[in-house]
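Open the structure in your viewer and keep the selection tool at hand. This tour moves from one selection to the next and says what is there.

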Amino acid sequence: MLRKPLPLEPVDVVVFQNAPAGPKGVLVSGARAPGFEARLDEAYGVLAGAGLTVGSWRAASATTGRTNELIAFAVGAPPVWADPCGWTPWRNVVKVECAPPTPVDLTVWIVFDPDGNQQARVEAAIEATALIWEREATGLAIGDVEIVPAPAAGTAAAQALQSASGFDCTAAMVGTLRTHAGKRSDRINVYSVHMVNGDLGGGVACIHDAAYTAGNAEQSDVAALQSVGDMLVLGQRAAPHLLAHELGHLFSLRHIDGVFLGEEWDPRYVFDSENVMFSSSADRKYLTEGQTFRIHFDARSALNHVFHHRPPEQTSRNYPQIMPGSVDARNCPVIHKRIAPDGAMASQLGSAD
Ligand SMILES: [Zn+2]
């Protein structure tokens, strides 16, 4: 009796629909990978419409603890999450529908403006943030921007705000900014003050500050999110890239430095000071795909609890930020997962963790 020859293992393809020209990559999970495998379309632009080959995938059974998912990243579009991704033993063609970048609307309240240049400094910070977001394929864009000048000297508001111009995250100072500068709903409120915690170049997102995270290490306190989850504060001489960092906190991200095994970096948690979420840095440029995933899908991200851009079924969970010694939980690429290299930090193409 003749047996049919086994077919060659078919190669699966991801087709990006309505994506702008530019780099595209995916994180894939299925029977062959314990975590997410990274794939990059190295011929981006050339093969527009032809799809990105991702190897041969089959569905993992539920008992393995492995998942069947695909997260697609493209410059100029928010990530697309296919969960579950219906892997079959045959050739899979997964179509992902890309959307325009997610707009982040900002109101900037100038609280302290001794030399009349604060608006220009704030505009430089917004420009730097937009550039990082675009280059890193975060799928974010600066939306509507409103810049409110400082109240005239001698007014009651100006006098009240003097106490908050050396800002820390006490509830009294937050209240002073909200009452005497202002607060807008459904947007991010940025306060440009004199000093933050005694530092002209400082900045803070109070949701990440000890005053609000005491006993609340994962920032999951709903009251804190409602109270300060839409606001950040910048010192007068804050570096332009600090705005992207503080916004990262509002989008659920935490600092990524300080994860050591003994004296060495855990090689699975490779970050340097060029990552946007490094706590203190001369130059911030990069976000990993693991971070971009959390920006868009973590329930604590302001994208979800302020702007409500995505359906609740995709944004109801809190994801682990840093878990030394283990692979992150289901439905979550590890925080350091990179499709493309970030400066000195290597990509993880083909790596299953
Ligand atoms: Zn920080």
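**First stop: strand E7**

Helices (H or I, at least four residues) and strands (E, at least two) are DSSP runs, numbered from the N terminus.

The model is predicted: local features need pLDDT of at least 70, side-chain atom pairs count only at pLDDT 80 or more, and totals for chains, interfaces and linings use all residues. Residue numbers start from 1 along each chain as its sequence is written.

**The sheet around E7**

Five bridges join E1 to E7, and the two run parallel. Strands pair if DSSP finds at least two bridges between them. Val 13 stands opposite Val 93, and Val 15 has Lys 95 as its bridge partner.

Now show the whole open sheet: three strands in the order E4-E1-E7, with mixed pairing. Strand E4 (52-55) and E7 stand at the edges with a single partner strand each, so one side of each is left without a neighbour in the sheet. From one strand to the next, the twist averages 25°. Angles run from 0 to 180 degrees between N-to-C directions, and axes are lines fitted to C-alpha atoms, for helices over the stretch in contact.

**A five-strand sheet**

Move to another open sheet, with the order E9-E8-E11-E14-E13 and mixed pairing. Strand E9 (140-148) and E13 are its edges; each has a single partner strand, so one side of each lacks a neighbour in the sheet. Zoom in on E13 and E14, which run antiparallel and are joined by two bridges. Val 204 stands opposite Val 233 in E14.

**Helix H6**

Select residues 242-250. Is helix H6 buried or exposed? Nine of its nine residues are buried, so H6 is largely enclosed by the rest of the structure. Among them are Leu 242, His 245, Glu 246 and Leu 250. H6 lies across E11, E13 and E14, running at about 155° to E14. Its buried residues also pack against helix H1 (118-135) and helix H8 (302-305). Contact here means C-beta atoms, placed from the backbone, within 7 Å. Just after H6, find Ser 252, with a positive phi of about 90°.

**The cores**

Colour the largest nonpolar core: 58 residues, with Val 111, Tyr 191, Val 193, Cys 206, Leu 232, Val 233 and Leu 250 having the most contacts inside it. Elements that give two or more residues to this core include H1, E11, E14 and H6. A second, separate core has 28 residues, including Phe 36, Val 54, Leu 70 and Phe 73. A nonpolar core is a set of buried Ala, Val, Leu, Ile, Met, Phe, Trp, Tyr and Cys residues joined through C-beta atoms within 7 Å.

**Thr 292**

Next, pick Thr 292 in helix H7 (residues 289-297). Thr 292 is buried, with 25 other C-beta atoms within 10 Å. Not counting residues up to four places away in sequence, Thr 292 touches Phe 73, Pro 79, Thr 138 and Leu 287. Its C-alpha atom is 9.6 Å from that of Leu 140, 152 residues apart along the chain.

**Zoom out**

Of its 353 residues, 43% are buried.

Notes
A residue is buried if 20 or more other C-beta atoms lie within 10 Å of its own, exposed if 12 or fewer, and partly exposed in between; C-beta atoms are placed from the backbone. Two residues are in contact if their C-beta atoms, placed from the backbone, lie within 7 Å.
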